[in-house]
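Subject: Structure handover

Hello,

Here is the structure I promised to pass on. Please open it first, then read the notes below.

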Amino acid sequence: MQTGADGQITKISGDPDHPFTQGVICGKVSRYSEIQHGPRILQPMRRNGPKGVADFVPISWDEALDRIAEGWGRRIEQHGAQTIWAHWYGGTMGVVQRSAVERLVHRGGFSRMRKTLCFAIAAAGWSAGVGRGLGPSAEDLAEQSDLIILWGINAVSTHINLMGFVKRARARGARLIVVDPYRTRTAKLADWHIQPRPGTDGALARALMGVMLREGLADRDYLAQLTDFDDAVDAHMQAATAQWAEAITGVPAADIDAFAREYAAASAPYIRIGIGMTRQNNGAVNLHAVSCLPALVGAWKKRGGGALLETGDAFKALNLDAARGAQWIDHETRVLDMSQISRILTDESLETPITGLLVMHSNPVGSCPDSSKTIRGLCRDDLFTVVHEQVMSDTARFADILLPATTFLEHDDLYKSYGQYTVQSSDVVVPPSGEALSNHDFINRLAQRMGWDEPGFQMDAKQMRAQMLADSGLPPLEAWPQPWLDMTPDEEARHFRNGFGHADGRFRFKPDWGDAAMPAMPDHWAVNRRDDAQSAQYPLDFMTPPAHEVLNTTFTASQKARDKRGKPTLLLHPDDAAARGIVDGERVVAYNALAHLVFIAKISDVVRPGLCLTETNYAGEEFEQGVGPNALSHADPVVPAGGPAFHDNRVEVAKAS
């Protein structure tokens, strides 16, 4: 990190000694100084005008805490403790700061939250087959993989550190295949880009396995030893031809045949699976089907072979109970799905309505589906909303009490990952801006104002971090040789050579989906909105993949980022644009039954015919309608574990009047 003469941060860079980042951070994070010294919320405030217009007046922290305690107290007395709900997620990422809100929730007996927004669909699909969140490390890939498949992950824009390891592997002669419905920055670098229709990955994977089985390319010894593969699975897979899959996926049958043969011929093929492919109503089924490929050919046996979705199980030793207040968890307390906030705030049939909402390191108006409905809920007169935030987010505009939050540079924390294998610590780098408080400190002060003085609400963040490490049996920070601990599992474990994460140790081609009526074996599950009989009214697939320039909705506060990205843009294929008389650069409206939004049309064959998309993280105020792209996203939960199908929506596009 570099600072100027005025003490302001001018540059943020990576640690060259870190085994994964190796000094590289993405451009999105490197501009964090634009947020650090940008239009921050600097003092507590209360609403002064109508909800949503961001009219606030300053108050003291004492007054803010008094108002919250009094407002919650009245609502709890009327409706019970579960009338209070905290909506939170990964904005600050560290486990000390992120877990603090759970400590408050559990102690107060408030409604709990199910974390479904990003990862629930993917985790369900991966667990169905593999059973544990592990896989080959980036070092394995760089040193041993001879075929790398990036499936549903635009790593250049979302995981740039991985691309450094991919580059090393390609220098040895490894090939790169990218599977993605549009030609991303990553796909443009690939040796081969496979471009299926959105939501058809399961069909593609099943057909690949069909080719390999019919041509004798599967590793049947491995299948017998470490999987549940049987005659029924064999027959099911072999029935799937490349011609069958072409009709579903749009990928030419000859390409499917060639893809299968190249994959089977590789010595150590590696698949890095992204969560983008799971944001469909059939997302868990699709991911499970893709995860079957390494098992079919025994790719797990070789170092650098196999697949990876996430590394979370490497950090199971990290005990968060102290920070979360686990001793107070009442499993009879209801758990509300965070992705369903639009329905929760507008459902008049709830036995206990939500009348007190606490939003921390989260921006549900900008990040959750059906955002217009979320706004309607936030406008309720009886809803008392408290937002603890760094910048004036789409959600912060609706706060009754708005509180200033620290950035990661302004508080102590401990970080784990789902893309690599180190635990990292960080200490305060610069003093808090204005009157900002960290999550941990705010929660402790609020709890004390509520009358709770247990030890968990008395520790500072450093003490809590030390407690968590001690509870985890990990060395104290002063014994760490560097600011991170390497938690990489041994090679046998990350390649599942002694068994997968199920009780019998076998990979499951036949997943247990619980009570959900889902395919019994890898397949294309035709439950996408494209398969709906009413979809003809809205003939285009609509996707909202991550932006290249902006990390998350917090960064939309950076005017430099907005200027570089430009106005909200909708990518359309030339054929779809011509059919609607649309030319490049003109205003168009994308609409469905939920909303209509005005974009600037960008005509390009990077998207396939029938698909339009906008790279997301636009603030609502950047649109003429005052609401962002998720206004066009349905909130229907995806089985079996919930989560929104952000990439499984349909729209029509027309010239804007």
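A term to start with: a crossing is left-handed if the near helix is turned anticlockwise from the far one by less than a right angle, and right-handed if clockwise. Helices (H or I, at least four residues) and strands (E, at least two) are DSSP runs, numbered from the N terminus.

Some background. This is a predicted model, where local features need pLDDT of at least 70 and side-chain atom pairs count only at pLDDT 80 or more, while totals for chains, interfaces and linings use all residues. Residues are numbered from 1 along each chain as its sequence is written, and side-chain values use heavy atoms, with hydrogens and water left out.

**Helix packing**

The crossing of α12 past α13 is right-handed. Helix α12 spans residues 242-249 and helix α13 spans residues 253-265. They pack at about 120°, with axes 8 Å apart. Axes are lines fitted to C-alpha atoms, for helices over the stretch in contact, and angles run from 0 to 180 degrees between N-to-C directions. From α12, the contact (heavy atoms within 4.5 Å) takes in Ala242, Gln243, Ala245, Glu246 and Thr249. From α13 come Ala253, Ile256 and Asp257.

**Aromatic rings**

There are 17 aromatic pairs in the structure. Rings of Phe, Tyr and Trp (its six-membered ring) pair if their centres lie within 6.5 Å; planes under 30 degrees apart count as stacked, over 60 as edge-to-face and the rest as tilted. Tyr618 and Phe623 make an edge-to-face pair, 5.8 Å centre to centre with 85° between the planes. Both Tyr618 and Phe623 are buried (under 20% relative accessible area; exposed is over 50%, partly exposed in between; 1.4 Å probe, protein chains only). One aromatic cluster is formed by Phe229, Trp300, Phe496, Phe500, Phe507 and Phe509.

**Charges over rings**

The cut-off here is NZ of Lys or CZ of Arg within 6 Å of the ring centre and within 35 degrees of the ring normal. Arg107 has its charged end over the ring of Trp328, 5.9 Å from the centre.

**Two residues to look at**

Asn444 lies in helix α19 (residues 439-449). Its relative accessible area is 5%, so Asn444 is buried. Leaving out residues up to four places away in sequence, Asn444 touches Arg103, Gly456, Phe457, Gln458 and Met459.

Lys567 lies in the loop between α22 (559-565) and β20 (569-572). Lys567 counts as exposed because its relative accessibility is 63%. With the sequence neighbours up to four places away not counted, Lys567 touches Ile600 and Tyr618.

Best wishes
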